[in-house]
Amino acid sequence: MESCNADAELLVARMITIGAKADFSNAIGRCPNCDEPLQADKEILGVMRRVPIICKCRVEAQLRDAERDKTAEQQRRLDRFRVYSLMDKQFSHSTFENWELRADNQKLYDFAKGYCENWDTMFANNRGVLLHGKSGNGKTYAAFSIANELYKMGKAVLAISISRILEIIKDSYNKHGDIGEIEILNILNEASLLILDDLGVEYKTPWVYEKLYSIIDIRYRARKPVIITTNLSPDELMRNLSIIDMRNGIYDNTGRIYNRIIEMCTMLEATGDSWRIQKAEDNQDALYRDLKWND
């Protein structure tokens, strides 16, 4: 061990030979930003040397650069998978700027907006949410508004339906060299926020059940937040997630998927009138105006 230490010191000495020629009567250089020393006088192998050191602000800058590089690399991977998601398609317009705010969706808006404004706290404390409620009242719009807002903030977020993930995994079995199942799960794991839309509509087979468990479990073990939307009530969802094989009536009474979800997520009911019904009524009114039927 002593020989190893001596070899290491000799290597260091060779790397900084110029430091032995320093004028030690000169003041040690200091950082103009934080005023911490940028040099230190140290004795190495019996020779006093002036060696460079890193000040506090440079350490912080290096950490920021490393974090930025990590986020950029993570986002590049997510961008590769993003083509499979819903975010670049019909839900790209789901933003807070486009939100049609009404009295019956104010609570949902406040939640979604607040989640983004307090993202650092949400992420640090692993604050997942299960958005449930009847169809058409804005759950998916709210979830994708969060996704789009965080994406604009440079956060690694991915929003996709369970059914779409299952399709991608199946496709990967037949496409050599394409994204494999393991890589797909890794990308779901790497996302800072994963949004899973429309849980509970998938037809249950043993294969689907195991893949669904893998998707939920990978986030559970990573301790990273997930936002899930479903049209089912909590009781309906619990029964739905216990189905292993719908055709043959095989069930799992351990609740291993549902229990993970309720541990990861706070339940939030989305109330209010159906946006789709309201939109249909607005379209009807517009048609009548264009036809001048109200005159």
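**Group meeting: a walk through the model**

Okay, let's start with helix α8, residues 206-222: 17 residues, reaching 24 Å from its first C-alpha to its last, close to the 24 Å expected at 1.5 Å a residue. That expected span is 1.5 Å times one less than the number of residues. Helices here are DSSP runs of H or I with at least four residues, strands are runs of E with at least two, and both are numbered from the N terminus.

Quick word on the source: this is a predicted model, local features need pLDDT of at least 70, side-chain atom pairs count only at pLDDT 80 or more, and totals for chains, interfaces and linings use all residues. Residues are numbered from 1 along each chain as its sequence is written, and side-chain values use heavy atoms, with hydrogens and water left out.

Back to α8. Its buried residues include V208, Y209, L212, I215, I216 and R219. By buried I mean under 20% relative accessible area, with a 1.4 Å probe and protein chains only. An α-helix has 3.6 residues a turn, so residues three or four places apart point the same way.

Now, how many residues of α5 are buried? It's 12 of the 14, so α5 is largely enclosed by the rest of the structure. Among them are K139, N148 and E149, along with Y141 and F144. The helix covers residues 139-152 and reaches 20 Å between its end C-alphas, close to the 20 Å expected. Just after α5, G154 has a positive phi too, about 85°.

Next, a helix pair. α6 (residues 162-172) and α7 (residues 181-190) pack at about 150°, axes 9 Å apart. The axes are lines fitted to C-alpha atoms over the stretch in contact, and angles run from 0 to 180 degrees between N-to-C directions. That makes α6 roughly antiparallel to α7, the label for angles over 145 degrees. Where they meet, α6 brings I165, I168, I169 and S172, and α7 brings E181, I184 and L188. Contact there means heavy atoms within 4.5 Å.

On to strands. β1 (residues 39-44) and β2 (residues 47-52) pair antiparallel over six bridges; pairing takes at least two DSSP bridges. They form a hairpin with two residues between them, and L45 in the turn has a positive phi of about 55°. I44 has V47 in β2 as its bridge partner.

Zooming out, the chain has 11 helices and nine strands, and buried residues make up 42% of its 295 residues.

Notes. Buried < 20%, exposed > 50% of the residue type's maximum accessible area, 1.4 Å probe, protein only. Parallel < 35°, antiparallel > 145°, perpendicular 65-115°, else oblique.
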